[in-house]
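This briefing is for a reader new to the structure shown below. Please look at the sequence and the model before reading on.

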Amino acid sequence: MASLMERATSAPQTPGESPAACAPPRVKVVGVSKTFPTPDGGVARVIENVDLTLAEGEFLSIVGPSGCGKSTMLRLISGLTPVSEGRIVVAGREVTEPPPGVGFMFQRDTLLPWATVSENISIALELNGTPPAARPARIAELLKLLGLERYADYRPSAISGGMRQRAALGRLLAYGPELYLMDEPFGALDAMTKMILGRELLRIWSQDAKSVVFVTHDIEEAVGLSDRVIVMEGPPGRIKSEYRIDLPRPRDFRAVRLLPEFRDLCERIWGDIGRHSEAE
Ligand SMILES: Nc1ncnc2c1ncn2[C@@H]1O[C@H](COP(=O)(O)OP(=O)(O)OP(=O)(O)O)[C@@H](O)[C@H]1O
């Protein structure tokens, strides 16, 4: 990650600009809008003219009030939902369907209920073409990394919510995407589990920095994890402001919260979202 931080400048950013604009971006969103049909036969404009760039290896969070279009933005980038206007390019190719090399993680885990924790991870390895002989070692490595060794043979229904999200993270890591799209992956968890998994995610990411778009309601989580935080407003969803998170790396997800700069960033972002909500 040092290279990303070195390339970054402290110049103020305008929405859509990446701090590592000199490298080819992992994601480029250009003039994207999205409409959905409404039940009364009308059309709802949910995303309005969004420009956004995600640099290679960058950790970007999107925050904003409920209903402003954060999840929709993620689904548009994922190719699961088609854009109405504009274009999205992932790894140099225009997105018309879910692109290769993209992994998802959602608020509720999507583990296969009939498979054990190990088997769930094994399926991801199978999907990414890992030879059968190499799978057991990788499964053991991931279970150890996520503290799930004792639960390898448990089905999802027999482990806690935090463990299920760990297993879901293990499956994502097993798949090994170049781009992680994470929609409130820790949103349903208690504060302590959230803290532990946030730390895990930072630790894993600092070893093998992949590009991440992370949607969350939790501003402290966004600031603690990210290189950059985007504040959306809406509907229709637009980018309201953008914050460069210049806190030191590697970061301790808990200790970083004690820095005055951390508090200052959180206050500014809260102020931004608060002003929007008050104006509604
Ligand atoms: N498939 C769909 N059909 C119609 N409307 C949709 C669809 N998906 C999303 N929307 C609308 O888009 C708007 C934005 O929803 P979205 O879930 O993206 O917001 P969000 O910012 O992620 O909200 P939250 O923080 O509450 O999860 C909402 O008004 C929602 O009703």
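The points below cover the ligand shell, a helix pair and a sheet.

This is a predicted model, in which local features need pLDDT of at least 70, side-chain atom pairs count only at pLDDT 80 or more, and totals for chains, interfaces and linings use all residues. Residues are numbered from 1 along each chain as its sequence is written. Helices (H or I, at least four residues) and strands (E, at least two) are DSSP runs, numbered from the N terminus.

**Around the ligand**

- The residues around the ligand are Phe36, Ala44, Val46, Gly64, Ser66, Gly67, Cys68, Gly69, Lys70, Ser71, Thr72 and Pro235; a residue is near a molecule if its C-beta atom, placed from the backbone, lies within 6 Å of it.
- Two or more residues of this shell come from each of strand S2 (43–54) and helix H2 (70–78).
- H2 gives the most, with 3 residues.
- By class the shell has 5 nonpolar, 6 polar and 1 charged residues, where Ala, Val, Leu, Ile, Met, Phe, Trp, Tyr, Cys and Pro count as nonpolar, Asp, Glu, Lys and Arg as charged, and the others, Gly among them, as polar.

**Helices H5 and H6**

- Helix H5 (residues 161–175) packs with helix H6 (residues 191–207) at an angle of about 15 degrees, and their axes are 10 Å apart. Axes are lines fitted to C-alpha atoms, for helices over the stretch in contact, and angles run from 0 to 180 degrees between N-to-C directions.
- H5 and H6 are therefore roughly parallel to each other (angles under 35 degrees count as such).
- The contact involves Gly162, Gln165, Arg166 and Leu173 of H5 together with Thr193, Leu197 and Ile204 of H6; two residues are in contact if their C-beta atoms, placed from the backbone, lie within 7 Å.
- Of the residues in this contact, 3 are nonpolar, 3 polar and 1 charged.

**The sheet**

- An open sheet of 6 strands has the order S6-S7-S8-S3-S9-S10 and mixed pairing; two strands pair if DSSP finds at least two bridges between them.
- Strand S6 (102–105) and strand S10 (238–244) are the edge strands, each pairing on one side only.
- Neighbouring strands are turned by 20 degrees against each other on average, direction ignored.
- Strand S3 (residues 59–63) pairs with strand S9 (residues 228–233) in the parallel sense over 4 bridges, and valine 229 in S9 is the bridge partner of serine 61.
- S9 and S10 run antiparallel and are joined by 6 bridges.
- The hairpin of S9 and S10 has 4 residues between the strands, and glycine 234 takes a positive phi near 150 degrees there.
- H5 lies across S6 and strand S7 (179–183), running at about 180 degrees to S6.

Definitions and conventions: Parallel < 35°, antiparallel > 145°, perpendicular 65-115°, else oblique.
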